[in-house]
Amino acid sequence: MEAMMKMLFSVALICLSSLCFHLYNVLWLKPERLRKKLRNQGINGPPPSFLTGNVSEMMRIKSTVLMSPKESSCLTHDFTPAMFPHLEQWRKDYGQNFMHATGNAQHLYVGDPNLVKEISLCNSWDLGKSSYLNKDVEPLFGHGVIRSNGQIWADQRKIIAPEFFIDKVKGMMGLMVDSALPLLRLWEDRIEREGGIAEIKVDEDIRNFSADVISKACFGSSYTKGEEIFSKLRQLLRAISRTGLLVNIPALRYLPTKNNREAWKLEKDIKTLILNVVNERKQQSVAEKDLLQMILEGAYADHLGQETANRFVVDNCKNIYIAGHETVASVATWTLMLLASHPEWQARARAEVLHVCEGRVPDPDMLHKMKILTMVIQETLRLFPPAILLIREAFKEMKFGDIDVPKGVNLWISISTMHRIPEIWGPDANEFKPERFEHGIFGACKLPQVYIPFGMGPRTCLGQKFAMVELKIVLSLILSKFTFTLSPNYKHSPAFKLFIEPEHGMHLLTMMKIMLFSVALICLSSLCFHVYNILWLKPERLRKKLRNQGIKGPPPSFLTGNVSDMMKIKSTVVKSPKKSSCFTDDYIPQLFPHLQQWRKDYGQIFMYATGNVQHVCVGDPSLVKEISLCNTWDLGKPSYLNKELGPLFGLGITRSNREIWAHQRKIIAPEFFIDKVKGMVGLMVESALPVLRSWEDGIEREGGVANIRVDEDLRNLSADVISKACFGSSYTKGKQIFSKLRELIRAMSKTGLLVKTPALRFVPTKNNREIWKLEKEIRKLILNVVDERKQESVAEKDLLQMILEGAYADHIGQETANNFIVDNCKNIYVAGHETVASVATWALMLLATHPEWQARARAEVLLHVDRGRVPDADVLHKMKILTMVIQETLRLVPPTTLVAREALEEMKFKDINIPKGVNLWIPIPTMHRIPEIWGSDADEFNPERFAHGIFRACKLPQVYVPFGIGPRTCLGQKFAMYVSAEDLKKIIFHDKSNVIKPVKSSVIKVGRSRHVNTALKRRFAPLGSNPGANSFEYPSGVRKTVRAEEEEEDEYERQRTRVGQRGTRGNTRGSTGNKRGTAEDTRETSGNSRKHA
């Protein structure tokens, strides 16, 4: 017996020892192993205690903060230090990324924005919701779609997600309006009872409205019972929030405390109420179409078993309530507070609502037009996100950046901290500035992946579209009825109760809109000051900063800036007689005489203004060089021009900035790589042949010589090329689109594109109405082609298909995707069509006026292209003389005359500080004609200067900028060069060759017509039939010289990086000598040719 007792005692001791070791392993050894792995990577944190981790230190730091007096009462200050002071303290002590523990749960706080970006892009199921939190909030969420993981979450998401697609959400707008109307009547009655103004605790009323909406959406006709369920859920939420939701102290939730007993009782009551509704619903003969029915069908479709199905239904009903009710109530409350404290934005949002709705109930189209209200909501979500922390657990070892995250570690991301980083959001990150979202989330900050009010990655909130629609409806109805200000009784104290809520409620002084003359007067005064600040004070501050650096300019006028001076100077030049008719004369004095005048008066660098936009004209070549070498995103396209040119370019690749531009460039640039461009040579040839045939027919009809206006034909040729490249088999519809775009360009060129007069583009003039009409028609035509393309079974390989794939790859929403497609199709047309047509036209004019270069270029082509053979990419590459001609044309007559850039942040170039918001203007033709850089013949047509490429053509190659500067250099420049070369080759060197002579050349105007009337004389004998009589073929000796010259040029290109070596310089001089010899031979050949012609 004694032996038996000893054995039992031994077994019990072993079991107890094993249990103790297991607990010690769970509570200390396992977390310590995780901490060791993190410490080995340089991640530190506060030392934890046994059982509680760092909870005691968290409490100590928080108590210290609560006892200290509050220094600021700013309504939009960062509340994170007050709410989670321990995180802020540890962040200062241990860096952006640090570790800490709550109980035996180990956490890694992530404060590095780039690491947050990488985490947000992770789609793996191995990164899920924290298991320790799932246990703590189980009475509230269970294993519903919000807290579940892996396959369970995926199955639930598959069932629930379709009910929150935008089409379904639009169908719920009626019930949202029905729920909002009682709220409005309640406030109206209170205001009338209290004599025109009432103090209303709006957060409770907004919460009741939101509960009513989600009750009707979830329970349909049973929504009164749904309200009872949600009332119990609200009590359960309060009970659970009294405990430390983010603190994990083992077994604390199992203790029968008063709070825990209340939570257990409420959990049972809620389950009973939901299952009662479910049983009643099962007995109905006709199934309702609501969220509850969808959950029921999903629960019982997979034969899960009664208990599992019941738990599925109960958990997801609770999840939908918490996510769909509390989120909307929280955001709407904070939005009203921010509008109440910023009357100018309240006035702007109200004006927009009244203009869009015109007294009617909002519909989907109206909500889509409420841009200002959308900006206000997005800024509220930035400053007061409904959830303050985003927590994910690594279910297996993962790697983000240089950090290996061990299995079991929880990643903590402070949403409010990410939303307020000055380096990402700017120095005004803590201020309420909805205008930052004017161009959407991608234009609001430098790293859009850190804007995460609805979560991140695949676990992003399913109901965010539902929430945005509900918010817009309730806020638009409130704004249309009431004006409100903050009550003196309001105490700004955001509190964490699972969501961010006002601790003492949201008290607003609310008034009927028609009774508020005094408030309206205040709002009007604020608005007037805001307008005066934008139109005068802000530009004057920029001018003062420039004046302090010695930069001068003409004094501006209020509203118009220097526009009146520009018009006056231009009218003087127009009236004065033209002194020269030289084809290559500098036309800048005719196009922009004000720039020339101010340059003489104020120096190479001067400032001026158009409207409230401030410009600096840069005429110093060394400064232009430095600007051209700037690769930062902070130097972008001018925002005011983006607005003026919106109908033509939208936010496509040629006008967008920063992340939006980089995203579009990543998609579009590969299509213009040299290999892709070479593949398009065939369609370029195909498009050129009909033009040649029409010219041949015209020459034959006119008896051998015909006057042809070539610019229109070249424009049609270029449009045909870009139509086929962009739209593939749909290119006939593409040509229709481009025809409309051409009309739009003409309509917009009637206005001063480079002149900003505030609000002028909104005035419904005849020209503006035509622009708006054409913009709508073009959008409709492009989207029709897109819809047809989507229905095709086999995807074409053209530019449109590439744009489509890029638009829909990132799930950016239908409307945003449509804008992306439409804007970039227009951008590709304008950039790819107009540029090529312009360069080809001017090249023909210059060749027509310089027959010796026409002869040299023709001889080169005949040398490389056999009769009847279509040139390929390799042949085009060998045409050095033709390349020189095109490069010289681009120098003398670049497709665009001005490079405009805006400093999106304060920048420095050489000794000049450029304030944020200033636009830099660089006149390209002026840079291309500076004698000190290009030589004394800078105004003459001399392609010889490009014999050894751009780097030897001038003393400062960075000022040769026909395709733009820096990272914003035209993506399609190789495409343009190939098309121009092919057009010129086919036109001038066709089998039945043409001699071109000028008839006249019109004066170039802004948005200029490039009319070049050219006399074409056809040679009736085919080339090669009698070389001595009527061909431009080089003699064999000259051919050898040309070949030797090409070999030397190829060698030069290979050795260009070693151009400073003595041997290379010698080769270069020899090559130059050969060039001179070739030029003399060519002149002789040209003279003979002119005699034969």
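Predicted model: local features only at pLDDT ≥ 70, side-chain atom pairs only at ≥ 80, totals over all residues.
Let me start with the aromatic pairs, of which the count comes to 20, taking rings of Phe, Tyr and Trp (its six-membered ring) as paired if their centres lie within 6.5 Å, with planes under 30 degrees apart called stacked, over 60 edge-to-face and the rest tilted. One of them is formed by Trp934 and Phe946, a tilted pair at 6.1 Å centre to centre with 50 degrees between the planes. Trp934 belongs to helix α42 (residues 931-934) while Phe946 sits in the loop between α42 and α43 (950-953), so the pair ties together parts that are twelve residues apart in sequence. Helices here are DSSP runs of H or I with at least four residues, strands are runs of E with at least two, and both are numbered from the N terminus. Trp934 and Phe946 are both buried, where buried means under 20% relative accessible area, exposed over 50% and partly exposed in between, with a 1.4 Å probe and protein chains only. Elsewhere, ring pairs link Tyr24, Trp28 and Phe50 into a cluster.

Residues are numbered from 1 along each chain as its sequence is written, and side-chain values use heavy atoms, with hydrogens and water left out.

Staying with rings, Arg382 lies over the face of Trp425 at 5.3 Å from the ring centre, and Arg543 lies over the face of Trp536 at 4.9 Å; the criterion is NZ of Lys or CZ of Arg within 6 Å of the ring centre and within 35 degrees of the ring normal.

Now to the helices α35 (residues 766-791) and α37 (residues 814-849), whose axes come within 10 Å and cross at roughly 110 degrees, the axes being lines fitted to C-alpha atoms over the stretch in contact, with angles from 0 to 180 degrees between N-to-C directions. That makes α35 roughly perpendicular to α37, given that 65 to 115 degrees counts as roughly perpendicular, under 35 as roughly parallel, over 145 as roughly antiparallel and the rest as oblique. Among the residues making the contact are Ile778, Ile782 and Val786 of α35 and Ile821, Val822 and Cys825 of α37, contact meaning heavy atoms within 4.5 Å.

Finally, Ser414 lies in strand β8 (residues 410-414) and is buried, with a relative accessible area of 1%. Leaving aside neighbours within four places in sequence, Ser414 is in contact with Thr80, Tyr109, Ile388 and Leu389.
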